[in-house]
Amino acid sequence: MHLLWVCMIACIVVLQPNGAVALARDNGQKALQDPAQPAVRSLHRGPAANAAPCSTASGCSETALATANQNPNFVRKLITYARKLISDISQSDILFGTSSLADDIRASSSAQSYHPDEGSSSNSADSGVNGGLRSPQLPTLSDEGSGMVWNGKGVAPIVKSSSNASSAAENSSSTLTIRSQAVARTKSTAITYMVVFQDAVPTTKIEQLCSSADANYGFTCTQIFTKTFKGFSTTTTQDQLQVFLTAVGGMVQYAREDEAIQLQTVSVESLTVKSVGEAESAGLWGLDRIDQKALTRDYLYHYSYVGTGVHVYTVDTGINPYHEEFYDSSGNSRVSTAYSYDTTEYNDCNGHGTHITGTMAGLHFGIAKDATIHSVRVMDCDGEGAMSDIVTGLEWILENLELPAVVLMSIGGDATLLLDQACEALVTAGATVVVAAGNDDEDACLLSPARDAAVITVAAINKEDEMPSFSDGGVCVDVLGPGYQVLSAYYGSDTGTSVLSGTSMAAPHLAGIAALYLEAYPSAAAYQVRASILSSATWGAVAADELYTDTPNAIGNSLLVDPLVTLCVSSGADYVNITESNARDPIFMTVALASKPTGVVTVTITTVDSADRLSVPQGNQVLTFTSSNYATAQPVMLTVVRNRPAGWDQFDLDFYVSAPKTSAIDNSHHKMVVFDTRLVPGDTATFPALITEIPFTGTGDTTYFADDYTITTCTDSSGVSETIGSPDYVYAFQPLEAVTVNISLCESSFDTKLILFEETTNSSDLTLLSCNDDGCDTQSWLQVMHTTCTLHRHYTHTTCILNRHYMHITRTLHTP
């Protein structure tokens, strides 16, 4: 068997019937393809590593597809950005003549190897009721800052901060204007940069570069990062940094100018000790709201757990460790002032950090009343901070993390990949991260880390179950929490209190609830914490006209009463895992009520997935339970009807519970996470995107793809070989007759490389036939003759069978 592979980078590829076969690769950085993402990283919210996927023995039959079943620890290249709404400009077209098959490689099945029934009976859920997901649009560096400074071919760009729009306009050929809630920090005139290396660069190499940076480049490395990303921070001039970037070439993905961040609280009302008694019942309304479903309150806080054994980390202005709210029953403070960006001050001199910690874990004002508290001080006495200080604080947490853990971040700013990545690293390490949505009455998807799918994003409600006018909202919000006129601890004395408003006050309510769940289930992963919070939430309490568009109508509830028990039949797990092995056969799960109801209970099942990849057959969409069969598990069959979109690893199954005579569970939603661990077509030669006929046209990008095929013998016009870490995209084509193939990337706005392979036995046996770099300016072009062969067998999947010829075209996107 002879198989032809083509690897391409950031390009348009043209294959004509009289043309040739080529392979394209990215010659330089993947800077515009979400370079903050490592090539291989565990997916956030992933299930436990020892969890089993569906198997034949339990009803989920195996089918021989192109690749082996993936281990559900999800150590894969793709990171979830299903909820992000930032447009991706890093796209490239592949054109084989003028075929009508001009489909999006990421979303369509025209160039994919597996074509299940395209019909789907699943319904898109109403996001205002059960929390919907929009179609994923993957974030890139073009989504942030005020623009970029391009430093030449093969050299990493510099992303300018939001407060430097004018300087960016002077230096960047593609300046972007993005709304910013950041405030320029005027306390220092020095410019701080975060330098992000390719994931393939060893940490030892970065350390070597830092050790000689002062002598060679005129700056010193302030901090070397290994947990949140690979790289370092430094304070230097742009000219000095450009000299360094030019010297190291493709080892660096990009450099990010530091971003200033300012705390935002909507209102502050300081209380004296005398007035606390009068205000306490009103100021602690949040505790009263989260322990019941109805708005009518009993002015009591009911709880079964206090967060014992759980470690909570407050990333903020610090904490007043001597406040009476933070002492245990033995008279010892539960607060460890573990880290501060400013080693001269570890305690809170602003009040914000103490206040939110009091709500999360205070003895009287809080929820997790016995949790161990860690103060991570990243902002100053004026509530000002820098992105670099926040990321450094998160790096410290990762180096010293104690599980089970909740990380509270009532801070945020403009979209920043570095901050998103740092939060993802925390979740991958086992922590649950809870963040504030923001106080600008805008879409939370515009902000980091609120937009990130790895975190639990919290918007605010007031005492009347309305979203205050200041609260951000939208599809990136997970849940609502009390955030208006909240009473809690304050700095200045061991009894200080204040009333604050903002989503900063809403987030600690949910962080406290997360700590309660982790006390009960200390080994739970972040996805399980989120599912439990959503499944036990109070749904539908906020009037539609009081809800920000597309915000889930769910208020966090601390009693954590889940109405249902759902399990995957094959694994007994509380999630569904779509794999290569089970995708072509029904996947079975079971549903039962968690407690005996009064009267009839109906459960309606829908998928919350814009890609509509999973269908619930009509006969399984509604289940009925009574007091006599409530504990009997009813089977549900799921059918996979779509391929996996690139960069989108998970979505929810939503179970709407209607129980008119059982108020505790009536009008509730149970969430079951579905993980999609199948390969994305075009990821590797094992699972390429198939070109079924020519002429052919397709569009796609390599945002979440890795460098699988590094060819150092193919150099550009200056003799430079391709950069390690440049991602690639694989296409395969089988000519049925003798053919000369032209593959052209000349229309691409990106630097590209084409490489052609032939496969003789299997996808691991590739022979390099030809390559081209800079065949037309910085783009690539190839022509090759290929003779026909006998088509012995034909399959619809990607496994290469006897005597079958394929052209495999692998492309990777590149910096324009």
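Start by selecting Ile-461 and Pro-482: Pro-482 is the bridge partner of Ile-461 in strand S25. Before you move on, remember that this is a predicted model, in which local features need pLDDT of at least 70, side-chain atom pairs count only at pLDDT 80 or more, and totals for chains, interfaces and linings use all residues. Residues are numbered from 1 along each chain as its sequence is written, and side-chain values use heavy atoms, leaving out hydrogens and water.

**Stop 1**

Colour residues 456-461, which make up strand S24. Helices (H or I, at least four residues) and strands (E, at least two) are DSSP runs, numbered from the N terminus. Are the residues of S24 buried or exposed? Six of its six residues are buried, where buried means under 20% relative accessible area, exposed over 50% and partly exposed in between (1.4 Å probe, protein chains only).

Now show the side chains. Ile-456, Val-458 and Ala-460 point one way, while Thr-457, Ala-459 and Ile-461 point the other.

Strand S25 (residues 479-482) runs parallel to S24, with four bridges joining them. Strand S22 (residues 432-436) also pairs with S24 in the parallel sense, over three bridges. Two strands count as paired here if DSSP finds at least two bridges between them.

**Stop 2: the loops on either side of S24**

Select Ser-448 and Pro-449. The peptide bond from Ser-448 to Pro-449 is cis, with omega near 0°, and Pro-449 sits in the loop between strand S23 (447-448) and S24.

Then go to Asp-465, in the loop between S24 and S25. Its phi is near 60°, a positive value in a residue other than glycine. Asp-465 counts as buried, at 5% relative accessibility. For background, most residues other than glycine have a negative phi, and most peptide bonds are trans.

**Stop 3: helix H10**

Select residues 417-428 for helix H10. At 1.5 Å a residue, its 12 residues should span 16 Å, and its end C-alpha atoms are 16 Å apart, which agrees; the expected span is 1.5 Å times one less than the number of residues. H10 is mostly covered, with 11 of its 12 residues buried. Among the buried ones are Leu-417, Asp-420, Glu-424 and Val-427. Just after the helix, Gly-430 takes a positive phi of about 115°.

Pro-404 is in the loop between helix H9 (387-400) and strand S20 (405-409).

**Stop 4: H8 against H11**

Show helix H8 (residues 352-361) and helix H11 (residues 503-520). Their axes come within 7 Å and cross at roughly 35°. Axes are lines fitted to C-alpha atoms, for helices over the stretch in contact, and angles run from 0 to 180 degrees between N-to-C directions. Which residues make the contact? On H8, select His-352, His-355, Ile-356, Thr-359 and Met-360; on H11, select Ser-504, Met-505, Pro-508, His-509, Ala-511 and Gly-512. Contact means heavy atoms within 4.5 Å.

**Stop 5: a five-stranded sheet**

Which order do the strands of the open sheet follow? They run S31-S38-S37-S33-S35, and the pairing is mixed. The edge strands, each pairing on one side only, are strand S31 (575-578) and strand S35 (622-625). Neighbouring strands of this sheet are turned by 25° against each other on average, direction ignored.

Zoom in on S31 and strand S38 (residues 668-676), which pair in the parallel sense over four bridges. Tyr-575 has Val-673 as its bridge partner in S38. Helix H12 (residues 526-535) packs on the sheet, touching S31, strand S37 (650-658) and S38, and its direction makes about 155° with that of S38.

**Last stop: Asp-550 and the whole protein**

Asp-550 has a positive phi of about 70° although it is not a glycine. Look for Asp-550 in the loop between strand S28 (538-539) and strand S29 (554-555). Asp-550 is partly exposed, with a relative accessible area of 21%.

Finally, zoom out. The secondary structure comes to 12 helices and 46 strands, and 62% of the 816 residues count as buried.
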